[in-house]
Amino acid sequence: MTEIRENPCVSVNKLGQYLTATPALRKRIIHAQKNPPDPQYLRYPEAAQAIVEFLCGGRDEVILRYHQRRMLNATPESDFDAHRLSLCAEALQRFLVSANELALTNAVASPADAELPPMELSGVTINVRPELILRSVDRYGEMHSGLLKLYFSKHTPLTEQSGQYIATVLHMYAEQHLQQRGPVDHRLVRVFDVFAGKVYVAPKAQQRRLGNLELACAEIAACWGVN
(Lines give C-alpha, C1' and ligand atoms only; values in the text may rest on other atoms or scores of the structure.)
Protein backbone atom coordinates (compact mmCIF):
# COMPACT_ATOMS: atom_id res chain seq x y z
CA MET A 1 0.00 0.00 0.00
CA THR A 2 1.38 3.42 -0.94
CA GLU A 3 1.64 6.26 1.53
CA ILE A 4 -0.40 9.44 1.40
CA ARG A 5 1.53 12.21 -0.30
CA GLU A 6 2.04 15.01 2.21
CA ASN A 7 3.15 17.62 -0.32
CA PRO A 8 1.13 18.80 -3.34
CA CYS A 9 1.96 16.62 -6.32
CA VAL A 10 0.17 15.92 -9.61
CA SER A 11 0.90 14.09 -12.85
CA VAL A 12 0.99 16.23 -15.96
CA ASN A 13 -1.87 14.25 -17.51
CA LYS A 14 -4.09 14.79 -14.48
CA LEU A 15 -3.15 18.48 -14.39
CA GLY A 16 -4.38 18.79 -17.97
CA GLN A 17 -7.68 17.21 -16.97
CA TYR A 18 -7.91 19.38 -13.85
CA LEU A 19 -7.90 22.58 -15.87
CA THR A 20 -11.05 21.58 -17.77
CA ALA A 21 -12.81 19.69 -14.96
CA THR A 22 -15.94 20.45 -12.96
CA PRO A 23 -15.46 21.40 -9.28
CA ALA A 24 -16.49 17.89 -8.20
CA LEU A 25 -14.00 16.25 -10.56
CA ARG A 26 -11.26 18.63 -9.44
CA LYS A 27 -11.82 17.48 -5.87
CA ARG A 28 -11.61 13.82 -6.94
CA ILE A 29 -8.42 14.45 -8.90
CA ILE A 30 -6.73 16.03 -5.87
CA HIS A 31 -7.85 13.15 -3.65
CA ALA A 32 -6.56 10.56 -6.13
CA GLN A 33 -3.21 12.34 -6.53
CA LYS A 34 -2.85 12.59 -2.77
CA ASN A 35 -3.63 8.87 -2.41
CA PRO A 36 -1.97 7.26 -5.46
CA PRO A 37 -2.39 3.57 -6.30
CA ASP A 38 0.39 1.10 -5.70
CA PRO A 39 2.64 1.03 -8.80
CA GLN A 40 1.76 -2.64 -9.35
CA TYR A 41 -1.79 -1.53 -10.14
CA LEU A 42 -0.83 0.87 -12.92
CA ARG A 43 -2.41 -0.35 -16.17
CA TYR A 44 -0.28 0.74 -19.10
CA PRO A 45 3.50 0.68 -18.41
CA GLU A 46 4.02 -2.33 -20.67
CA ALA A 47 2.09 -0.75 -23.55
CA ALA A 48 4.14 2.44 -23.19
CA GLN A 49 7.39 0.45 -23.24
CA ALA A 50 6.32 -1.38 -26.40
CA ILE A 51 5.43 1.88 -28.17
CA VAL A 52 8.77 3.43 -27.18
CA GLU A 53 10.58 0.37 -28.56
CA PHE A 54 8.60 0.68 -31.81
CA LEU A 55 9.26 4.39 -32.28
CA CYS A 56 12.96 4.08 -31.47
CA GLY A 57 13.56 0.80 -33.28
CA GLY A 58 12.84 1.49 -36.91
CA ARG A 59 9.05 1.71 -36.50
CA ASP A 60 8.57 -1.84 -37.64
CA GLU A 61 5.02 -3.06 -37.07
CA VAL A 62 6.44 -6.48 -36.16
CA ILE A 63 7.64 -5.00 -32.83
CA LEU A 64 4.13 -4.05 -31.76
CA ARG A 65 2.64 -7.31 -33.05
CA TYR A 66 5.21 -9.27 -31.01
CA HIS A 67 4.36 -7.45 -27.78
CA GLN A 68 0.66 -7.70 -28.49
CA ARG A 69 0.86 -11.50 -28.89
CA ARG A 70 3.04 -11.76 -25.79
CA MET A 71 0.44 -9.90 -23.72
CA LEU A 72 -2.49 -11.92 -25.06
CA ASN A 73 -0.69 -15.24 -24.51
CA ALA A 74 0.68 -14.44 -21.04
CA THR A 75 -0.71 -16.31 -18.03
CA PRO A 76 -2.22 -13.65 -15.73
CA GLU A 77 -1.55 -13.85 -12.02
CA SER A 78 -4.89 -12.30 -11.06
CA ASP A 79 -8.12 -10.92 -12.51
CA PHE A 80 -6.57 -7.46 -12.44
CA ASP A 81 -3.50 -8.73 -14.28
CA ALA A 82 -5.72 -10.31 -16.96
CA HIS A 83 -7.60 -7.04 -17.39
CA ARG A 84 -4.34 -5.06 -17.52
CA LEU A 85 -2.82 -7.30 -20.20
CA SER A 86 -6.00 -7.10 -22.27
CA LEU A 87 -6.02 -3.29 -22.05
CA CYS A 88 -2.35 -3.08 -23.02
CA ALA A 89 -2.91 -5.32 -26.05
CA GLU A 90 -5.90 -3.20 -27.07
CA ALA A 91 -3.85 -0.01 -26.65
CA LEU A 92 -1.21 -1.40 -29.01
CA GLN A 93 -3.90 -2.23 -31.56
CA ARG A 94 -5.25 1.32 -31.38
CA PHE A 95 -1.73 2.66 -31.76
CA LEU A 96 -1.10 0.49 -34.81
CA VAL A 97 -4.16 2.01 -36.50
CA SER A 98 -3.30 5.63 -35.72
CA ALA A 99 0.51 5.77 -35.45
CA ASN A 100 0.77 7.79 -38.67
CA GLU A 101 -1.09 10.63 -36.93
CA LEU A 102 2.11 11.35 -34.99
CA ALA A 103 3.77 12.45 -38.26
CA LEU A 104 7.31 11.74 -37.03
CA THR A 105 8.77 11.08 -40.48
CA ASN A 106 11.57 13.64 -40.09
CA ALA A 107 12.14 13.22 -36.36
CA VAL A 108 14.54 10.87 -34.59
CA ALA A 109 13.14 9.39 -31.37
CA SER A 110 15.10 8.18 -28.36
CA PRO A 111 13.90 7.07 -24.90
CA ALA A 112 13.68 9.86 -22.36
CA ASP A 113 15.81 9.50 -19.25
CA ALA A 114 13.70 7.86 -16.54
CA GLU A 115 15.67 9.86 -13.96
CA LEU A 116 14.56 13.26 -15.25
CA PRO A 117 13.31 15.22 -12.23
CA PRO A 118 9.80 16.58 -11.78
CA MET A 119 9.09 20.28 -12.25
CA GLU A 120 7.73 22.77 -9.76
CA LEU A 121 4.98 25.31 -10.38
CA SER A 122 3.17 27.48 -7.84
CA GLY A 123 3.92 25.17 -4.93
CA VAL A 124 3.05 21.93 -6.74
CA THR A 125 5.38 19.17 -7.93
CA ILE A 126 4.41 18.07 -11.45
CA ASN A 127 5.46 14.59 -12.53
CA VAL A 128 5.98 14.95 -16.28
CA ARG A 129 7.76 11.68 -17.20
CA PRO A 130 7.92 12.05 -20.98
CA GLU A 131 8.41 8.80 -22.86
CA LEU A 132 10.52 10.10 -25.74
CA ILE A 133 12.96 12.79 -26.78
CA LEU A 134 12.43 13.94 -30.37
CA ARG A 135 15.13 15.56 -32.50
CA SER A 136 15.03 16.98 -36.00
CA VAL A 137 17.37 18.98 -38.24
CA ASP A 138 15.93 22.03 -39.98
CA ARG A 139 16.77 23.11 -43.53
CA TYR A 140 19.71 25.16 -42.23
CA GLY A 141 21.28 22.15 -40.54
CA GLU A 142 20.39 23.20 -36.98
CA MET A 143 19.26 20.51 -34.55
CA HIS A 144 15.97 21.07 -32.72
CA SER A 145 14.53 19.05 -29.87
CA GLY A 146 11.21 18.20 -28.29
CA LEU A 147 9.37 15.65 -26.18
CA LEU A 148 6.57 13.13 -26.65
CA LYS A 149 4.15 12.19 -23.88
CA LEU A 150 1.76 9.25 -24.21
CA TYR A 151 -1.73 9.42 -22.72
CA PHE A 152 -3.68 6.24 -21.99
CA SER A 153 -7.36 6.21 -21.10
CA LYS A 154 -9.93 4.04 -22.81
CA HIS A 155 -12.97 5.92 -21.54
CA THR A 156 -11.70 9.46 -20.86
CA PRO A 157 -10.16 10.92 -24.02
CA LEU A 158 -8.37 14.23 -23.88
CA THR A 159 -10.24 17.30 -25.03
CA GLU A 160 -8.59 19.88 -27.24
CA GLN A 161 -8.11 22.13 -24.21
CA SER A 162 -6.70 19.50 -21.86
CA GLY A 163 -4.37 18.20 -24.58
CA GLN A 164 -3.08 21.72 -25.20
CA TYR A 165 -2.50 22.29 -21.49
CA ILE A 166 -0.48 19.07 -21.16
CA ALA A 167 1.53 20.01 -24.25
CA THR A 168 2.20 23.46 -22.78
CA VAL A 169 3.62 21.93 -19.58
CA LEU A 170 5.66 19.54 -21.71
CA HIS A 171 7.10 22.51 -23.62
CA MET A 172 8.06 24.24 -20.36
CA TYR A 173 9.72 21.03 -19.22
CA ALA A 174 11.60 20.67 -22.51
CA GLU A 175 12.89 24.23 -22.18
CA GLN A 176 14.28 23.34 -18.76
CA HIS A 177 15.97 20.07 -19.71
CA LEU A 178 16.70 19.90 -23.45
CA GLN A 179 18.48 23.12 -24.35
CA GLN A 180 21.82 21.30 -24.49
CA ARG A 181 20.36 19.06 -27.23
CA GLY A 182 19.38 22.02 -29.39
CA PRO A 183 16.66 24.70 -29.27
CA VAL A 184 13.22 23.40 -28.37
CA ASP A 185 10.79 23.51 -31.28
CA HIS A 186 7.17 23.61 -30.14
CA ARG A 187 6.23 21.51 -33.17
CA LEU A 188 8.33 18.66 -31.73
CA VAL A 189 6.54 18.81 -28.36
CA ARG A 190 3.57 16.47 -28.59
CA VAL A 191 1.03 14.60 -26.53
CA PHE A 192 -0.50 11.49 -28.09
CA ASP A 193 -3.84 10.14 -26.88
CA VAL A 194 -3.34 6.47 -27.74
CA PHE A 195 -6.93 5.23 -27.57
CA ALA A 196 -8.35 8.29 -29.33
CA GLY A 197 -5.56 8.29 -31.93
CA LYS A 198 -5.11 12.04 -31.63
CA VAL A 199 -1.97 14.14 -31.32
CA TYR A 200 -1.74 17.51 -29.58
CA VAL A 201 1.16 19.78 -30.52
CA ALA A 202 2.38 22.44 -28.09
CA PRO A 203 0.93 25.82 -29.10
CA LYS A 204 3.25 28.61 -30.13
CA ALA A 205 1.32 31.18 -28.06
CA GLN A 206 1.35 30.00 -24.45
CA GLN A 207 1.09 33.01 -22.14
CA ARG A 208 -2.62 32.64 -21.31
CA ARG A 209 -2.31 28.90 -20.76
CA LEU A 210 0.74 29.38 -18.55
CA GLY A 211 -1.24 31.80 -16.41
CA ASN A 212 -4.07 29.29 -16.05
CA LEU A 213 -1.60 26.54 -15.18
CA GLU A 214 -0.09 28.65 -12.43
CA LEU A 215 -3.54 29.43 -11.01
CA ALA A 216 -4.56 25.76 -11.15
CA CYS A 217 -1.41 24.69 -9.31
CA ALA A 218 -1.92 27.37 -6.67
CA GLU A 219 -5.48 26.06 -6.20
CA ILE A 220 -4.25 22.46 -5.87
CA ALA A 221 -1.68 23.54 -3.27
CA ALA A 222 -4.33 25.45 -1.31
CA CYS A 223 -6.79 22.53 -1.36
CA TRP A 224 -4.25 19.78 -0.66
CA GLY A 225 -4.68 19.76 3.09
CA VAL A 226 -8.48 19.56 2.99
CA ASN A 227 -8.97 16.73 0.45
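Analyst: **Loops, sheet and crossing helices**

A103 is exposed, with a relative accessible area of 51%; exposed means over 50%, buried under 20% and partly exposed in between, using a 1.4 Å probe and protein chains only. The model is predicted, so local features need pLDDT of at least 70 and side-chain atom pairs count only at pLDDT 80 or more, while totals for chains, interfaces and linings use all residues. Residues are numbered from 1 along each chain as its sequence is written, and side-chain values use heavy atoms, leaving out hydrogens and water.

A103 sits in the loop between helix 5 (79-98) and strand 2 (108-111). Helices (H or I, at least four residues) and strands (E, at least two) are DSSP runs, numbered from the N terminus. Although A103 is not a glycine, its phi is positive, at about 50°. Most residues other than glycine have a negative phi.

Turning to the sheet, three strands form an open, mixed sheet in the order 1-4-3. Strand 1 (9-11) and strand 3 (119-121) stand at the edges with a single partner strand each, so one side of each has no neighbour in the sheet. Strands pair if DSSP finds at least two bridges between them. Strand 3 and strand 4 (residues 124-127) pair in the antiparallel sense over three bridges, and M119 stands opposite I126 in strand 4.

Helix 6 (residues 160-177) lies across strand 3 and strand 4, running at about 120° to strand 3. Axes are lines fitted to C-alpha atoms, for helices over the stretch in contact, and angles run from 0 to 180 degrees between N-to-C directions. The axes of helix 6 and helix 7 come within 10 Å and cross at roughly 90°. Helix 6 is therefore roughly perpendicular to helix 7; this label covers 65 to 115 degrees, with under 35 roughly parallel, over 145 roughly antiparallel and the rest oblique.

At this crossing, Q164, Y165, T168, V169 and M172 in helix 6 meet R208, R209, L210, N212 and L213 in helix 7. R209 is found in helix 7 (residues 207-223). Leaving aside its neighbours within four places in sequence, R209 is in contact (heavy atoms within 4.5 Å) with Q164, Y165, T168 and P203. R209 is buried yet has no salt bridge, and the nearest side chain of opposite charge, E160, is 6.9 Å away. A salt bridge is a side-chain nitrogen of Lys or Arg within 4 Å of a carboxyl oxygen of Asp or Glu; Lys and Arg count as positive and Asp and Glu as negative, whereas His and the chain ends are not counted.
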